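Dear colleague,

Please find below the structure that I am handing over to you. I would be grateful if you would look through it before reading the notes that come after it.

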Amino acid sequence: MGYSSTNIHFDYDGQYAKSGDDYEWIPSDGRLYGISFKTSSLDEITYSCLKKRICKKKRIDPCLKRMNLSYIPLVVEPKRQSYILDDEDVYVYLTSVDKEGRRIILHVEVIEEMEQQSVVEKESSYGGNYSELASGLPEVEAGEGGVDSEGDVDNSMGVRPSSYYVELPRVAKEKPVVKEWEDGLGLQLFQEFESKEAVKDIIDKASQENCFGISICNSDRGRYVVKCRGADEGCKWSVRATKIDKSEAFSIRTYRNMHSCSRVTSSTGKKRKVTPRCVAAIVHKDYLGLYETPTAKILVGLVQRKLGVEVSYTTCLRGKKQAVADIRGDPEKGYIILPAYLYMLEKANPDTKTSLVVDKNNRFRYLFVALGASIEGFEYMRKVITVDATFLKTVEGGCLIIATAQDPNLHHYPIAFAVVDGEKNESWKWFFTLLKTVIPDSTELVFVSDRNPSLIKAVGEVYLMSKHGYCIWHLIACLHGYLSISNFLQLHVFCCKSTE
Ligand SMILES: [Zn+2]
């Protein structure tokens, strides 16, 4: 049986970054490393075997570093990384060569020190593969320059697997005894969060509640890595979350939940900062499902009591707005789903009339809604329709128009409403034209409104047969500034009624 050499070049430590549609590897040092296997078939190069050789080459303890092996396959467009996770992946990697038989460079991503418990997990899977290693693969190392001092025969393979198990506790014992405390986060390895923001939220909140400072090591589209601010004192607390491919979700990849640092309080001089997100997280937790939430002024005291940190009124106000936005969503996104909402509204409410008008750039202009039940019930109401408009005090602005009638109990009976850009000739006319499709023109019909010129004009143009009167309340409001007679109101009502 003949042996053949399989050479692998690898880049140790670096990261992927997106450039255009492609992902590219950015090595943190320029050096390329080489290893060579001498085997009778490629099958013999297993995942654990490959990893061990990389560790040996780099002279690192495989138990203390976790690394991801990956490469950018030749055939995939746009270019993106493929991770090597098992023996089969290794085989696929080894057999992926170009026309000249050249193999792609292997990328070794180094994840900081491993979580104690996952070390054990890793070890056991490592140990499981020792049978393969023990079979004694003949191996030859080849450095990039062709000369490598490590080319001697490796006798350790398969001989001392158990030494890795005993090594670790001994190291742990040598450390000075520090009273450790838990961070109160309660994360799990591989736990998933819907976004990076969600991971940040939960960490920020825990850092406030449990008095530890965090410093962000890395925060970009693909990862979020934080360590304890007391890392200089030797505190090992850290969280690493990375983005799950093809989704916005983030998953926890490294997590050490114990602190050995001293707790951060206002008296230790290390200032902790409360962010609006933090305030929002408190509002969400304490007022879950409640309609009313405290005002920003009350929140100042509440956050201060809960977290023991001073917080400004502005931060609380922004936090409260953030909490509202988290639940109600983005107004812009609300406009996007309007067509779908109106479609369902018509489906669920027979005879409902809706209309949505957008401009040529597909931006919102007008919206009209008249529910089927309201239209049907109008038959039994007095044929008097009150129409009025009010400003919408949102970011988007605009005007809300409503048409109501009065039921026999003298209660308001809504017929239709609309959202338009303002009280303009065009918008009022559009509203009445649509209203006419649900409430037909008739000599019995009377409109009551304020004296908005656009409205008066539109009613006259659309409802040709019906009558139009002015609301007493609006007339008083108009005259009030000019007259100051004590029994003005009674006189005015008397005048209005006598001319009916
Ligand atoms: Zn710490």
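The notes below set out what was found, beginning with the chain as a whole and then turning to its parts.

**The chain as a whole**

Please bear in mind that this is a predicted model. The secondary structure comes to 16 helices and 22 strands. Of the 500 residues, 22% count as buried. Among contacts between residues at least 6 apart in sequence, 59% join residues that are at least 24 apart.

The pLDDT averages 80 over the chain, and 82% of the residues score at least 70. Over residues 115-175, however, the pLDDT is below 50, and this stretch has 57 contacts in the model beyond near neighbours in sequence. Where pLDDT is low, the predicted coordinates should not be read in detail.

An open sheet of five strands has the order 10-14-13-12-11, and its pairing is antiparallel. Its edge strands are strand 10 (192-193) and strand 11 (214-219), each of which pairs on one side only. Strand 11 is joined to strand 12 (residues 223-228) by five bridges in the antiparallel sense. Within this pairing, Ile-216 has Val-226 of strand 12 as its bridge partner.

Helix 6 (residues 196-209) lies across strands 10, 11, 12, 13 (238-243) and 14 (250-256), and runs at about 10 degrees to strand 12. Helix 6 also packs against helix 7 (residues 276-286), at an angle of about 85 degrees and with the axes 9 Å apart. That angle makes helix 6 roughly perpendicular to helix 7. On the side of helix 6 the contact is made by Asp-201, Asp-204, Lys-205 and Gln-208, and on the side of helix 7 by Arg-277, Cys-278 and Ala-281.

In the loop between strand 13 and strand 14 you will find Lys-246. Its phi is near 60 degrees, a positive value in a residue other than glycine. Is Lys-246 buried or exposed? Lys-246 has 7 other C-beta atoms within 10 Å, and therefore counts as exposed.

With strand 21 (residues 446-449), strand 18 (residues 384-391) pairs in the parallel sense over three bridges, and Thr-386 stands opposite Val-448. With strand 19 (residues 399-406), strand 18 pairs in the antiparallel sense over six bridges; here Ala-389 has Ile-401 as its bridge partner. Strand 19 in turn runs antiparallel to strand 20 (residues 412-420), to which eight bridges join it.

The loop between strand 16 and strand 17 holds Asn-362. The phi of Asn-362 is near 65 degrees, again a positive value in a residue other than glycine. Asn-362 is exposed, because it has 6 other C-beta atoms within 10 Å.

**Asp-450**

Asp-450 is placed in the loop between strand 21 and helix 14 (453-462). With 18 C-beta neighbours inside 10 Å, Asp-450 counts as partly exposed. Which residues is Asp-450 in contact with, leaving aside its neighbours within four places in sequence? They are Asp-388, Cys-471 and His-474. Asp-450 is also 9.4 Å from Ala-389, C-alpha to C-alpha, although the two are 61 residues apart in sequence.

**Helix 13**

Helix 13 (residues 425-438) has 14 residues, which should span 20 Å at 1.5 Å a residue; its end C-alpha atoms are 21 Å apart, which agrees. Its buried residues are Ser-427, Trp-428, Trp-430, Phe-431, Phe-432, Leu-434, Leu-435 and Val-438. What covers them includes strands 16, 17, 19 and 20, together with helix 12 (372-377) and helix 14.

Yours sincerely,

A colleague

Terms used:
Residues numbered from 1 in each chain as written. Predicted model: local features only at pLDDT ≥ 70, side-chain atom pairs only at ≥ 80, totals over all residues. Pairing = 2+ DSSP bridges. Helix = DSSP H or I, 4+ residues; strand = E, 2+ residues; numbered from the N terminus. Contact = placed C-beta atoms within 7 Å. Axes fitted to C-alpha atoms, helices over the stretch in contact; angles between N-to-C directions. Buried ≥ 20, exposed ≤ 12 C-beta atoms within 10 Å, placed from the backbone. pLDDT = per-residue confidence, 0-100. Expected span 1.5 Å × (residues − 1). Parallel < 35°, antiparallel > 145°, perpendicular 65-115°, else oblique.
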